[in-house]
Amino acid sequence: MPKRIILALVAATPVFAYFIYLLRFSIPFPNEDDLPVIFGFINHAFPFDDQSLKLFFTPFREHVILPAKIIAYLQVIISGCVNLKTMVVVGNLCWVRVAWLLYKNLKEAKIPSLYFLPVLFILFQLQFTETALWPMAVWSNMVVIWLAFESIHLLINNEQKVSRWRFTLAFLCAGGATFSNGNGLLSILIGLVVLIVQRASLARMALWSLLGVIFLGGYWWAKSFGMPDETYGIQTNPVQWLLGICLFIGGYGDFISGSFKWVAAGLGAAMVMVLFLSNFKAIQQSRYWTSPTFKLTVYALFALMTAAAVALLRTEPVGADAALLGRYRHYSALLVGIGYLILLIQLQNNKVILHRLFLMFLGVSMGIWGLSYYRDWGYRYMDYQKFWADTYNMQHNNLLYLNWKSQNGLPEIYQTSQSQNIVCQTDSPLVDVAMLKTDSLQPFIPTTLEWETVSEDAARCRRVATVKTDTLRFQLNQGEAWLWMLKNNRHFYFISATATKTNPIQFLTKQEYFKPGFAGEVAACFLEPGTYQLFLVNARRGQMPRVFRTNRLVESGQ
């Protein structure tokens, strides 16, 4: 088999595995922020009227998230409903384009394609499924990177002069990034800096600046439509700010979340040093301002400035660890990939070191890639159960958060969308709860139920019960859900059951991913008044659900 075919197959492995995983585990039920951003918007903006245009630009917190609204609106026009799985898969295609833009720099530097393999394993792994599998987040946090990178790519090229069409398209991409996510504003500033260092004409710099001011004004105009987010403050501690930046940049190194925090911080600091030192040397070259190193550095600059903004605006009062959240991990993976490519370019004349660098990054990236699949796999099943339970409770009980008094109008948004068939119908493992048999003939399972005081906030349940059983095991069957059920004569409430993973050795030797047993947190203070029996339900698509009795009763209002 020709070497090129083998290389293509190996290169395609992480990409195809990534998209197969998305198809398998993307959830047809809305995440809580999908409700106001996507479905609340569609409920009021479709069909189009004199208020619809304003709603397109009304922000959620400080983000306009225009692409998510556009793709959802187009789906409703074409198919009559919003398919969240489609949004996830199509949105992640932008990540393929980002990888291709990075690859073009490698080819421009005349480095063999083989050396790009580690970048694919770095980019197409599962440390950031919190973003990749969340419809709203994909079309905000990942699309903004694609648009910003596309703008930079159009402005930096080997031609002596940027053509008119590239200049126009570059600004449109930067403008699109601005209305995708708050950090998209940086692409306008970065574009102006690129024009300055490339000594573009005064007319072009003036035009970019003028259009930038207009778009920035439009962004602040759009922000006036929304409600300010007072969850976070401004980080005033410089040590926490710098630590937050390092954790954001080096989050890829925390491959067992939370366990390798200082590895992540060290990796972040090392990445900054690599970018600085490599450019300190390369800037002396005559064609630096159009070189692949410069373009990769500008790509990295967008992510670095985002890191500085997140550390400033998202780490107070929770601390620098907030920068390690999964929703930011794709930036870290991106920076690690860019840093590796810059090192390749700077060391390409030393074939021995170049090959050793390649082997080291390939081994580490493949190891983290495989571990990310093992770690994330079980979470997908737990998420499916959680979102199914949330969806049922919203539709039938007018509750999303069982432990919160205020629901922020989210159940009503879902109910309206469901009644208008805006949510694309999907098969559910539980179709009709009235068919569930809960009599004494059902099998009994022993459980423990322990109440704990968790909050003195009147807006939350003061006490929450932890329920556990050790007699059953989650088997990773597709279309299966394990749910705790609270039932009386008038109401059914569902709560996702959770399971604990085995260690990797037991998984490899016995093919057992979860330990025996299920747990769950029962919050009853805001349920409809009454006494509820507690059951465990095992539902499988296309089969009659199995119901397991417990000897536990739960009083609402506790």
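**Note on the predicted model: loops, helix contacts and cores**

1. Ser440 sits in the loop that joins α17 to β1 (448-453). This is a predicted model, and the points below describe it as such. With a relative accessibility of 60%, Ser440 is over the 50% cut-off and therefore counts as exposed. Although Ser440 and Phe548 are 108 residues apart along the chain, their C-alpha atoms are separated by 9.7 Å.

2. Helix α17 (residues 410-419) also packs against helix α2 (residues 34-45), the two axes coming within 9 Å and crossing at roughly 50°. The pair is therefore classed as oblique. The crossing of α2 past α17 is left-handed. On the α2 side the contact involves Leu35, Pro36, Phe39, Gly40 and Asn43, and on the α17 side Leu410, Ile413, Tyr414, Thr416 and Ser417. Sorted by class, the residues of this contact are 6 nonpolar and 4 polar, with no charged residue.

3. A further partner of α17 is helix α16 (residues 351-397); here the axes come within 9 Å and cross at roughly 85°. That angle falls between 65 and 115 degrees, so α16 and α17 are roughly perpendicular to each other. Thr391, Met394 and Gln395 of α16 meet Leu410, Pro411, Tyr414, Gln415 and Gln418 of α17. The α16 contact with α17 contains 4 nonpolar and 4 polar residues and no charged ones. Leu410 and Tyr414 of α17 are listed in the contact with α2 and also in the contact with α16.

4. Asn408 is located in the loop between α16 and α17. Its phi is near 55°, which is positive although the residue is not glycine. Asn408 has 59% relative accessibility and so counts as exposed.

5. Ile65 likewise has a positive phi, near 55°, in a residue other than glycine. Ile65 belongs to the loop between α3 and α4 (66-79). Its relative accessibility is 1%, under the 20% cut-off, so Ile65 counts as buried. For background, most residues other than glycine have a negative phi, and most peptide bonds are trans.

6. Two cis peptide bonds can be noted by position. One runs from Phe46 to Pro47, with omega near -5°; Pro47 is in the loop between α2 and α3 (52-57). Another runs from Glu316 to Pro317, with omega near 15°. Pro317 is in the loop between α14 (292-313) and α15 (329-346).

7. The largest nonpolar core comprises 170 residues, and those with the most contacts inside it are Tyr18, Val82, Trp95, Leu102 and Phe149. Helix α8 (residues 135-155) supplies the largest share of this core, 14 residues. A separate, second core has 17 residues, among them Phe387, Tyr392, Phe492 and Val547. As a general matter, nonpolar side chains in soluble globular proteins tend to be buried together.

8. Leaving aside residues up to four places away in sequence, Phe149 touches Val98, Leu101, Leu102, Tyr299, Phe302, Leu334 and Ile338. One of these, Leu102, is itself listed with Phe149 among the residues with the most contacts inside the largest core.

How values were computed
Residues numbered from 1 in each chain as written. Predicted model: local features only at pLDDT ≥ 70, side-chain atom pairs only at ≥ 80, totals over all residues. Heavy atoms only, no water. Core = buried A, V, L, I, M, F, W, Y, C linked by side-chain atoms within 4.5 Å. Buried < 20%, exposed > 50% of the residue type's maximum accessible area, 1.4 Å probe, protein only. Helix = DSSP H or I, 4+ residues; strand = E, 2+ residues; numbered from the N terminus. Contact = heavy atoms within 4.5 Å. Axes fitted to C-alpha atoms, helices over the stretch in contact; angles between N-to-C directions. Parallel < 35°, antiparallel > 145°, perpendicular 65-115°, else oblique. Left-handed = near helix turned anticlockwise from the far one by under 90°. Nonpolar A, V, L, I, M, F, W, Y, C, P; charged D, E, K, R; others polar.
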